[in-house]
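Open the model in your viewer and keep the selection tool at hand. The stops below are given in the order in which to select them.

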Amino acid sequence: MSPLTTLTLAGSRAPYVVLSKSSSFLSTNTSTLPVTLTQRRHYAAPARGKGDVVARQGFKGKGKGQGPDGVPVKREKKLGAFLPLPAASLHHSLFKTDPLNELKLPLYRPEHLTTHSIGTAMQFVMSKNDAALKFGLPKSMLLEFRILSKPCSVVRDVTVKAVDKLDEASQKSSFETRVVFTGSPGCGKSFALLQSVEYCASRDWIVLYVPRGINLVNSTSSYTYDLRTQTYLQPAFSFQTLQRFLSVNQDKLQSLKTITEVPLERRAPIPVGTPLTDLIAAGLREQSVAPTVLSALLEQLGKQEAYPVLLAIDDFQALYCQSRYRDPHYAHIKSYHLSVPRLLLDYASGSKTFARGAVFGALSTCSTDFQLPLELREALAIPHDRSSGPYVKRSSILQWYSRGLQALPVPDQMSVQEAAALFEIWMKDGAFVGLPNDDAFMSKYAESSGNARQFVWKGLLASLAS
Amino acid sequence: MVHVLGIQLPDRELARYALTHIYGVGHKTAHRICARLLIHDTCRVADLSPGQISSLAAFLSSPSTAPAVPRFPLALPRFQPPSPSTPMREIQTKVAHLIKGRNAAPPPSKVHPLPRGGRDPLPSLKIETDLRREVRENIAHQRMIGSYVGKRHAMGLPVRGQNTQSNASTARKLNRIDRFG
């Protein structure tokens, strides 16, 4: 038996305790041993002795990681400092949530969204095929929802405005409702967009939500040139989008059928009257056909009038920036020369439309690599702190793609009522350290100037009060 | 594990950085090679398709004789693509005049004499044995003409004016006439 035996707790990923059988702790009669438990942490690693084999650093890559005899040495896996155990293995009552203090909030349902509910915190109904679960969320929002016990948000004035616009848009072409949430960093644009998505999903709209528009242009998925469309196709991204779209909207898509014949490359065309789920299945069978199927699917959805369609894009400004993709001559590929951004830009600019529906976008200031370009800024009438006179070059193509967009500004400052609802969420979840009284609330509200992100992250979660 | 010209590229590494295992390919050249083969920045070596691997091997086996990449046309906003069922031959015939005219490199402008991003290093790329041979030949030439550089290589001492009173151990270990032999 080896001198050290490691005990791994059932279901955990890493060893937490070590059974030590070193002679300093135990008697010579090893058969009836009471073994001592020594907790090992990464900073208390045992000192290396002569017998230990140390991997070579190597010179210019030669012999790196090999022992004296040339055999590769296995690196001992480092124990992380705070590796979480899976929830299934937390059996102790200490880890069970207190049912009395569980966060109880009204559900985010369409009938609750009125002007009277402004300043009310509501919990999202996360069904099995919820849009937020299947399509994903922006990173900052994902982190917040992981910290909170339940995904929730506060109904604001801009939420009600967006809901009213969506109610009007449900009977009109998407050409007339192309809205972009604008505002200062951290004011709640992504949350407003998510609230719009959840509202539409609960109202039986067909929803296509792109939570991280930056992933379309930051060279993280495969791309290939297509001579027919004269653009660079993104088969992997199109494939994933089709998969997620199908899982979110399957029940509605089963009742919809193709209105026109859908031709595909190198295979038989999809005939008229085919359920749209079968059209998507054709794209899921082979990744190379996915971009064509995605484009055809949106075209068919644009022609039908049974369900309104919402196209929601976060990081909207990334569609108007130069992408990180490079062509074979090492020049940057423009975003409108990539298949998926081009498709989204076509619907955002109104050159392609849905018979019933809307296009919603939300700007993001998180990434400095993809900042708001001048053409989009001017289209949305957002004031610029730099000089942008007539001598600054503007792309006519981006101006064409940004025509007709309407800005829906999210207020920089939350109202006291909205901030109080937000404060209550975090207070009830046990995140606020200190006495949660009016004094604490007003001081955090004043420190953050009512900015939602500053209020939560710099105010509530970063409090030093004890 | 992917083998390219006898060099093992680890599967888990990003292709863009795995190519730097090849002698003569640094980070910038590797990025250019990835762009030429349409490999995105976060592609792992294990995710490379067989076509991409064979293109990579074909290019690296002889970079100077690799065919020039044509400049393909890119769609304007109002471009309506033909139907997907259109035969590829028909599409190629239609756009042939667009591709042919762009095969040559763009003419250098007066304002920017170099193309954006600098000259393309790939046509003149030398790797592995070719590069080692070139280095050996350069050192041998320096020795043949009796230059200071040649003498220092022959003596196994630093060549570029470094201190020898201390710290010349790398030069003593590596500098010689038949370096990389």
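Predicted model: local features only at pLDDT ≥ 70, side-chain atom pairs only at ≥ 80, totals over all residues.

Residues are numbered from 1 along each chain as its sequence is written, chains are lettered from A and ligands numbered from 1 in the order in which they are written, and side-chain values use heavy atoms, with hydrogens and water left out.

A salt bridge here is a side-chain nitrogen of Lys or Arg within 4 Å of a carboxyl oxygen of Asp or Glu. Over all chains, the whole structure holds 17 of them.

Select Lys126(B) and Glu134(B), whose side chains form a salt bridge with N to O at 3.5 Å. Lys126(B) is partly exposed at 39% relative accessible area, and Glu134(B) is partly exposed at 29%.

Next select Asp130(B) and Arg133(B), a salt bridge at 3.3 Å, N to O. Both residues sit in helix H5 (residues 128-144) of chain B, three residues apart, or about one turn of the helix. Helices (H or I, at least four residues) and strands (E, at least two) are DSSP runs, numbered from the N terminus. Asp130(B) has a relative accessible area of 34% and is partly exposed; Arg133(B), at 38%, is partly exposed.

Then go to Asp41(B) and Arg16(B), where the closest N and O atoms of the salt bridge are 3.7 Å apart. Asp41(B) lies in the loop between helix H2 (27-36) and helix H3 (50-61) of chain B, and Arg16(B) in helix H1 (residues 15-18) of chain B, so the pair ties together parts 25 residues apart in sequence.

Move to helix H7 (residues 290-303) of chain A. The expected span is 1.5 Å times one less than the number of residues; for the 14 residues of H7(A) that gives 20 Å, and the end C-alpha atoms are 20 Å apart, which agrees. H7(A) is mostly covered, with 11 of its 14 residues buried. Among them are Pro291(A), Leu298(A) and Leu301(A).

From Pro291(A), step to Ser339(A), which touches it along with Tyr232(A), Leu233(A) and Gln234(A), residues up to four places away in sequence not counted. Contact means heavy atoms within 4.5 Å. Ser339(A) belongs to helix H8 (residues 339-349) of chain A and is buried, at 13% relative accessibility.

**The nonpolar cores**

A nonpolar core is a set of buried Ala, Val, Leu, Ile, Met, Phe, Trp, Tyr and Cys residues joined through side-chain atoms within 4.5 Å. Which members of the largest core touch the most other members? They are Phe181(A), Leu301(A), Phe316(A) and Tyr320(A), in a core of 104 residues. Apart from this core lies another of 23 residues, including Val2(B) and Ile127(B).

Select Ser174(A), in the loop between helix H3 (157-169) and strand E6 (178-182) of chain A. Ser174(A) is buried, at 0% relative accessible area. Beyond four places in sequence, its contacts include Thr353(A), Phe354(A) and Val359(A).

Note on methods
Buried < 20%, exposed > 50% of the residue type's maximum accessible area, 1.4 Å probe, protein only.
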